[in-house]
Amino acid sequence: MEFSLNAEYLKRTRDPRVRRTPSECLQICHAAGFRTVSYFPDFASDAWEEEVNAVVQASDVWGMSLDQVHAPYNFYAHQPLAVFHERLRRSIVAAKRMNASYLVFHADEYHPLPGEAYDAEIALRTVYEIFAPHIENALRMGVTPVFENTFEDHHRVSVRERSHFCAELSELIAVMDRFADPRIGCCWDFGHGKLAMETDERHADAIRTMGKRIVCTHIHDNYYKKDLHLPPFMGEANWELLMKAVKEIGYGGNLTFELGYSTMEESLVADFMKNLYRTAGILKEMMDG
Ligand SMILES: [Zn+2]
């Protein structure tokens with residue numbers, strides 16, 4: 001089991017004009033103790049290949065491996081389908097070049113037509129049609145696809161209606177079963193799990209239900225029912241309970257943080273990252289304990 005985080009989180013600095021290079025991001029992770037990172041390149045950029053190459057080069061320099069690449073998602077972006085397909089294609093090329101263990105997909109690309117009700121069967125069909133060629137392509141290239149749990153946020157619908165496929169566990173399982181390939185696993189996102197389940201107990205039960213399907217993780221915390229992507233212990237999740245469930249399923253994959261929207265002040269970055277590495281160690285102790 002290794003500790004990891006989405007290193008592209010470090011690209012942004014407090015100065016909007018200044019971005020860290022992949023090499024600088026990985027160097028900071030390395031100095032904090034991490035030997036594995038995830039990376040989500042900007043697949044919307046024309047320079048995506050340069051970014052991927054820079055990550056590969058940096059991982060060689062710092063002797064680090066890549067555990068995950070995140071595939072693009074279009075649920076909120078509403079880009080034309082052709083644009084989304086091209087970005088998905090890029091992500092598979094990137095995962096291959098980066099020799100990443102997993103390529104993480106959100107299988108939620110379904111919006112009910114105006115005036116029509118949410119329909120989980122149509123959603124499954126829609127998602128399968130969009131992703132099938134890419135999943136097939138990834139597997140052919142030796143890239144392992146995984147599907148991530150989402151949460152209901154009533155995007156573009158009233159609060160009484162459903163909008164977000166794979167927020168229900170049965171939907172995520174249906175997607176995995178529809179693709180029916182033993183290589184395909186689940187990336188369990190703890191922040192999304194917290195939002196989708198009403199209580200920590202239900203969240204822990206969901207982890208037990210997914211069991212061996214879970215092969216990798218997105219670890220983050222939140223409060224006020226918002227997807228805040230905070231480090232553990234900065235939100236309301238009961239990590240003691242969740243890590244116990246993770247132990248019960250015999251999970252042996254990595255503990256991978258997925259941080260989001262904050263930008264740490266420059267002089268705090270190194271200590272913040274070291275603390276994050278220690279946090280992973282504490283989660284591991286909770287698992288082992
Ligand atoms: Zn995630």
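Which residues have the most contacts inside the largest nonpolar core? They are Ala 7, Val 37, Met 98, Leu 103, Phe 147, Cys 186 and Leu 242, and that core has 67 residues. This is a predicted model, so local features need pLDDT of at least 70 and side-chain atom pairs count only at pLDDT 80 or more, while totals for chains, interfaces and linings use all residues. Residues are numbered from 1 along each chain as its sequence is written.

**The core**
- A nonpolar core here is a set of buried Ala, Val, Leu, Ile, Met, Phe, Trp, Tyr and Cys residues joined through C-beta atoms within 7 Å.
- Buried means 20 or more other C-beta atoms within 10 Å of a residue's own, with C-beta atoms placed from the backbone.
- Leaving aside neighbours within four places in sequence, Leu 103 is in contact (C-beta atoms within 7 Å) with residues including Val 69, Ile 92 and Pro 145.

**Helix H8**
- Helices are DSSP runs (H or I, at least four residues), numbered from the N terminus.
- In H8 (residues 239-248), Trp 239, Leu 242, Met 243, Ala 245 and Val 246 are buried.
- Those residues sit on the same side of H8, because they cover an arc of only 155 degrees around the axis, going by directions from the helix axis to the C-beta atoms.
- They pack against helices H6 (190-196), H7 (200-210) and H9 (269-288).
- After H8 comes Gly 250, with a positive phi near 70 degrees.

How values were computed
A residue is buried if 20 or more other C-beta atoms lie within 10 Å of its own, exposed if 12 or fewer, and partly exposed in between; C-beta atoms are placed from the backbone. Helices (H or I, at least four residues) and strands (E, at least two) are DSSP runs, numbered from the N terminus. Two residues are in contact if their C-beta atoms, placed from the backbone, lie within 7 Å.
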